[in-house]
Amino acid sequence: MSTQSDNQPVPAENRASGWVIFVFFLIGLIASLISGWIAFPNLLYSTQQQPIDFNHKAHVAQMDCSSCHFFRDDGSFAGSPTLDECKSCHMYPMSNDPDEQKFIEEYVKKDKEVPWLIYAEQPPCVFFSHAAHVKGADMECRTCHGDIGQSTSLREYQENRLTGYSRDIWGYSMLRLGEAKHGGRHKMNDCAECHLKETGSKGDCFQCHK
Amino acid sequence: MKIDRRCFLSLVIGGAVGTTLTPVPWKLTDDIAIWTQNWPWTPSPEKGPSVYKKSVCTLCNGGCGINVRTVKGQAKKIEGQADYPVNRGSLCPMGISATQHLYGPSRIQSPMKRTGERGQGKWEKISWAEAISTVSEKLAELRSRKKPHTVACIAESDRGTVPYLLQRFLTAYGSPNFIRTPSSFDAQEQALYLTQGRHGTIGYDLENAGFILSFGSALMDAWGTAGQMLSASADFKQKNKLIQVEPRLSDTAALASQWVAAKPGTEAALALGLAHVIVRDNLYNKEFVDNYAFGFEDWEDENGTVHQGCKSLLKQYPPKKVAGITGIDKGTIESLARKFARAKRPVAICGRGSGMVPGGLDEALAVFALNALVGNINQPGGVTAIPEPDYWPEMQRDKTASNGMQQPRVDGAESDRFPNTRYLLNRVPEAINSAKGESPIQALLVAGGNPLYTMADTETAKKAFDKIPFIASFSTYMDETAQYADILLPNHHFLERFEDVPTPAGTPTRVIGLTRPVVEPRHDTRHIGDTLINIAGSLGGFIENAFPWENYEAFLKQTLTKQWDSLEKQGYWVDPEFMPPAWEKAFQTPSGKYEFYPSQRSKASGKDADALPGFRQVELPGDPEKMPLTLMPYASARIAGGAVANPPFMTKTVDTDVIKDGAVFVEINPQTAKKHGLSEGDAAVLKTPAGKARVRIHLFEGLMPGLVAMPAGLGHTAFSDYIAGKGANVNALLTDVTDPGSGLNAGWGIRASLVKA
């Protein structure tokens, strides 16, 4: 039940003035902008280090990319090398590098696969063929993966806490603007953009979502 | 400075405006979409190098060679094995989607015993030790009561080591009741025995045949070995060598160079009409008929009685009369007969639909007579008897077992009435339901097949099963029959087990394929061979002695020692010595010749006409006044009509005018539809003497007026929620129509009414 006093207008002297209201608006606006642009990305992504700090440059100096990242006989792409493949050279230490020591102690001796964190891992609903791109379209690894072959250290891996996928899929820029750092940015629109440019078509759904 | 409610609202509005200017809503929307499409608890296939493993599919009796792509021990894809002598690389959709059955929820995951009513679906998990002791105790109890012959075993095949072990077990135990599930090959194998004197698998050399006359065989829809027919289909089409006799424009008829729409059930009359023209015009192979055949001309027996031969009998089937019976134009019959007789290497084949639709013995004998007339027995492109495996070890049995084995079979097979019929599962329900006192089957072992789905008139079969006090199922899946059992002893999935697959019906070479484990067993299941060895061990005595092997694998390797190298390396073994025997040595009949007059065939009335192939109109059950239409099942390569149901992948390939929103469509001719006031898409009730089903109407000009065609293989009620409840089971609407000469089910259809719902 309403009382009479409820319907009476609040006297003007008891009301907040226009600029006070505007200040509150600004506080809300700025606080949300700060939390949205700075706090949110830090909350959304967790940061992890790779189990072994791998030096690509040192390896590339002695062998090709395809020595470790090769195509299998059936045309499928092997991705990161398995322990057996690493062991073919690193059964015993080849240098004094502490990471190599760690690799041999913790993985080779224990016969345990290295749980590499894959920067460009796509969800299982995506079919991607390396053969079609590298062999068919003659593309270089760096076009999508950046100049990782020249790196001496593995960068940190950021994982989306909600989806469980790498930050490289969305890209480091929250607005997905500018050139992708590290060659990262592997969302569907990124595929489509390149396909449109190179082939004249964004492609059909079933090409990637079987 | 006053702060009031409006300040708070302003703060919220500022926050909302600010938030829309940040990535938060857009990024979170995207992430939620990805998160919901990739639930962490949904298993996804392993990644890694592919390893191909050869095996043989046993989902039906076709036995196609497969090559399974596995990654880290998971089966990912099934392909046809390119060099396998049966299917040569082709594979049906069922075989391709078998991984869904391997990983799907239809599997029985451990031994279980029933806790609720039969069929209620209440189970309690038990140990293997308890499961084996429960079965052995029941069997031991029946044996101690001198009733071993009241145990029956149903299997889908009677060839190969697993069916052999089942038969060996029953023999050692003392029961003659090993029963193979029915198919159209029952009639063909019996016809083979009656005409050639050989027990074996029938082989049709369709690859080398120059002209194929198919009496309703759904070559494109899983007849024989589906993969084999798919491989051959291009050849059929290119060489215009297939003629299809069928009342429905099936996929096979569509592929044929000529479609002959004979009235259903009159195939035998047509075959005899064609034979009439071939004999009348002297187009038959005289070398074969004169020298290697018996009973073509009239003949005199040792008592001086003159018997009618095939030639005299054929006089009763002049084209004009046959035209009246079959509805096919007289000229077409004449020209078809001449085409058949003059073609190079012609062959006539029979077995309606995929082979699941039954047929009487006369039909098979009539079609065989056509083949014999053109002399294509044991010739390239002809018909051959593939001998049954004969590599079994000896055994001894005790007196109880011997006495039990001398009891008559429950199904009436091999009795005085049906002496040449080996199995009659279709007669089992009647034998149980009409028995006075206790059921003649006290314990039933279901070691293959899914009788409560595949048998005609499933309700009556269920009533019979109700009277069997003890039912054990060895099924891999929770199928309709397993659901009705008392105890479950699940076999491994075929991708998890060893098994040999001897020559499938229809294949013209002698071959053994090896089914072998492609993945580790996923559940607490056990190979049926091992389970049998365990049960035999627990029964003890002679039965245990008959099973001296450590396990099934040891038995398999010992049995197939000679073939093992080839089996292991290639996945199959082809008998290098097998050649269809020459005519002078081919026939083991009493006359030593091919018998146009099958002297071994039982003659109920003592008349020659009973022995000779003839056309006897099958009286379909039902009152033609009340049920003016005729229902017939049809086969589809995209719907598995056998024991194992369609996996969901396969059902997705079925058109929306076959099944939609859980309702099955029946086909009728537009003329029939008009007469009955039905139109496309209408919901209707289909009624037969066996039962009724809710269906929808699909008008199809390719079906003869007066018929209702319904796909076989839908309407499962078991397996899983993803499989059950789609359409209706046509078998539940059919009934058994006993073929007087053989006891086989000759009921290819049934009378029906269709009323708009």
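Analyst: Where the chains meet, 29 residues of chain B are in contact with 31 residues of chain A; two residues are in contact if their C-beta atoms, placed from the backbone, lie within 7 Å. The structure is a predicted model, in which local features need pLDDT of at least 70 and side-chain atom pairs count only at pLDDT 80 or more, while totals for chains, interfaces and linings use all residues. Residues are numbered from 1 along each chain as its sequence is written, and chains are lettered from A and ligands numbered from 1 in the order in which they are written.

On the side of chain B that touches chain A, the elements giving two or more residues are α1 (5–20) and α2 (24–37) of chain B. Helices (H or I, at least four residues) and strands (E, at least two) are DSSP runs, numbered from the N terminus. The most comes from α1(B), with 11 residues. By class, this side of chain B has 14 nonpolar, 10 polar and five charged residues. Here Ala, Val, Leu, Ile, Met, Phe, Trp, Tyr, Cys and Pro count as nonpolar, Asp, Glu, Lys and Arg as charged, and the others, Gly among them, as polar.

Chain A itself is divided into domain 1 (19–48) and domain 2 (116–208), with bounds from an automatic or database domain assignment. Their centres, taken over C-alpha atoms, are separated by 30 Å. Six residues from domain 1 and 10 residues from domain 2 of chain A take part in the contact. On the domain 1 side, α2 (18–44) and β1 (45–48) of chain A are the elements that give two or more residues. The largest share of that side, four residues, comes from β1(A). By class, the domain 1 side has three nonpolar, three polar and no charged residues.
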